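Morning, everyone. Please bring the structure up on your screens, and we will walk through it piece by piece.

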Amino acid sequence: MDLRIPLLVKIPVLLIISWLFGGCGTKVGLVEEGNKVLIKPVNLAEMPMGEGSLAITHVHVLDVRTGNLLPLHTIWIRDGLIESVFPDGTEVLPGSVEVVDGAGRYVIPGLIDVHFHLDQLRGLPHLFLKKGITALRDPGAWIEAYGNERRRGEQLPRLYLTGPHLDMFPPAHPKDALIIRDEEEARQQVRNLVGRGASAIKIYYRMSLGLIQAAADECKKLGVPSTAHLEISDVREVIRAGVTGIEHVTSFGLALISPIEAEVYRQKVLADNHARREGRYEMWSGLDFGDKRNTVKEIFDLMKEKEVFFCPTLAVFEVGEESEDEVRGLGFQKMMEFTALAYGKGVDLTVGSHSYVPYASYGSAYQREMELMHACGMSLADLIRAATWGNARFLGAQEEIGSIEPGKKADLVLLSSNPLEHVKNLENVEKVMLNGVWVD
Ligand SMILES: [Zn+2]
């Protein structure tokens with residue numbers, strides 16, 4: 001049988017295939033408006049959008065930007081967007097508005113998780129949504145890895161994806177890495193990823209400083225954030241290279257030890273990726289921030305000057321008090337201490353769950369991360385601001401999400417108790433709204 005396909009059939013088929021996998025893909029994550037690039041979730045087109053008018057009355061609304069709780073307010077939502085927020089009865093609603101009495105409830109903007117990994121955790125994004133997380137960023141997975149979740153038909157949070165992280169040979173996670181060999185390849189891969197819907201770029205720890213600089217520079221040109229997980233680079237050099245975020249508290253370790261210790265550690269990890277796992281607790285257990293006062297100050301000053309975000313992901317490193325491993329226990333305490341110092345100095349902290357962590361039940365990693373950040377001394381108003389408005393700014397999506405203000409998407413969480421009174425109250429989720437649609 002002759003399997004050759006005639007050219008007249010082949011051309012339209014190829015055009016359809018390239019439209020399905022290329023053409024439409026290029027517009028999913030990033031929508032260009034003139035010269036301005038808008039950062040969008042990859043699943044925007046699949047998300048149900050609220051229709052008509054709805055008002056939630058008699059609720060206490062948290063203005064996350066000021067930290068003020070606005071008592072007995074009404075939130076009016078029209079076609080999935082917040083139309084207005086006003087004290088009960090001070091504005092007349094049209095007769096066609098569906099009214100939901102929210103008496104006794106507290107409303108915060110949808111929570112955002114800026115460090116989520118899908119791995120093989122089927123259904124986890126939907127579970128997170130039910131717990132109030134209306135947007136997430138996965139820093140380091142193929143965009144296609146979310147295909148199954150997107151096809152399941154359940155409502156999903158807004159998915160801000162980065163594609164595989166950029167790394168050098170031999171990568172620690174080959175399945176989720178793009179290996180970079182030179183500067184031009186770094187720039188090319190950034191452009192490819194952004195073209196395919198990535199709304200940020202994740203830089204992984206084997207990348208050399210020169211390549212980090214090239215990738216971060218290309219991101220800057222395109223107007224997308226670049227964020228780094230470090231093990232063997234000095235965070236100060238990486239910040240000066242132009243990244244907009246630092247993932248994991250452990251990324252700061254190398255800058256806080258002596259230059260010779262740093263070089264020994266660097267060589268160990270360069271030779272064997274596994275060396276970082278226990279090595280980082282050993283390193284952190286020996287840190288003295290008093291001794292390193294000037295370095296700590298230099299790091300935080302630099303972060304504030306360059307407006308670099310810090311996502312500690314404490315929960316994934318947590319070592320419980322009952323642990324008999326003193327080195328790990330002390331190492332984790334130092335990570336908490338360092339995060340507390342960053343908060344005290346006014347560094348922009350963000351909240352990332354890492355999906356699944358040792359000291360939280362399945363689906364509650366984000367809540368555990370908030371508890372730990374609160375235990376670092378963050379006030380609840382600052383913590384919720386970081387989890388919503390701060391995270392939206394880190395994503396570059398603050399025009400659309402992250403606060404309850406007219407014109408924003410109606411991503412809301414209704415709580416049964418005051419979130420400014422106790423961190424656990426953030427778990428008392430009664431209802432979640434995404435894009436103006438109630439989550440079932
Ligand atoms: Zn991660």
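One term before we start: buried means under 20% relative accessible area, exposed means over 50%, and partly exposed is in between, using a 1.4 Å probe and protein chains only. Now the ground rules. This is a predicted model, where local features need pLDDT of at least 70 and side-chain atom pairs count only at pLDDT 80 or more, while totals for chains, interfaces and linings use all residues. Residues are numbered from 1 along each chain as its sequence is written, and side-chain values use heavy atoms, with hydrogens and water left out.

Start with the metal. Which residues donate to the zinc ion? His-115, His-117 and His-354 do, each through NE2, at 2.0 to 2.8 Å. Donors here are N, O and S atoms within 2.8 Å of the metal (3.2 Å for Na, K and Ca); water is not among the atoms, so sites may look incomplete. Along the chain the donors follow the spacing H-x1-H-x236-H. His-115 counts as buried because its relative accessible area is 0%. His-117 is buried too, at 12%.

Next, the strands. Helices (H or I, at least four residues) and strands (E, at least two) are DSSP runs, numbered from the N terminus. Two strands pair if DSSP finds at least two bridges between them. In general, strands of a sheet pair through backbone hydrogen bonds, either parallel or antiparallel.

Look at the open sheet with the order β8-β9-β10. Its three strands pair in parallel. The edges are β8 (111–113) and β10 (158–161), each pairing on one side only. From one strand to the next, the twist averages 15 degrees. Axes are lines fitted to C-alpha atoms, for helices over the stretch in contact, and angles run from 0 to 180 degrees between N-to-C directions. Strand β9 (residues 133–138) is joined to β10 by four bridges. Arg-137 stands opposite Tyr-160 of β10.

Two helices pack on this sheet. Helix α11 (residues 365–375) touches β8 and β9, and its direction makes about 95 degrees with that of β8. Helix α12 (residues 380–395) touches β8, β9 and β10, at about 45 degrees to β8. Contact means heavy atoms within 4.5 Å.

Stay with α11. Why is it called largely enclosed by the rest of the structure? Because nine of its eleven residues are buried. Among them are Tyr-366, Arg-368, Glu-369 and Met-370. Its cover includes β8, α2 (124–130), β9, α10 (326–344) and α12. Just after α11, Gly-377 takes a positive phi of about 105 degrees.

Thr-134 lies in β9. Is Thr-134 buried or exposed? It is buried, because its relative accessible area is 1%. Leaving out residues up to four places away in sequence, Thr-134 touches residues including Leu-111, Leu-129, Arg-158 and Val-432.

Arg-158 sits in β10. Its relative accessible area is 1%, so Arg-158 is buried as well. Beyond four places in sequence, its contacts include Pro-41, Met-47, Thr-134, Ile-401 and Asp-411. Its C-alpha atom is 9.5 Å from that of Pro-125, 33 residues apart along the chain.

On to a helix pair. Helix α4 (residues 183–195) and helix α5 (residues 209–222) have axes that come within 8 Å and cross at roughly 35 degrees. The contact is made by residues including Ala-186 and Val-190 of α4, and Leu-211 and Ala-215 of α5. The contact residues divide into eight nonpolar, no polar and six charged. For that count, Ala, Val, Leu, Ile, Met, Phe, Trp, Tyr, Cys and Pro are nonpolar, Asp, Glu, Lys and Arg are charged, and the others, Gly among them, are polar.

Last stop: hairpins. Strand β3 (residues 53–63) and strand β4 (residues 68–78) run antiparallel, joined by eight bridges. Asp-63 has Asn-68 as its bridge partner. Four residues lie between these strands, and Gly-67 takes a positive phi near 85 degrees. Then β4 pairs with strand β5 (residues 81–87), antiparallel over six bridges. Arg-78 stands opposite Leu-81. That hairpin has two residues between its strands, and Asp-79 in the turn has a positive phi of about 50 degrees.
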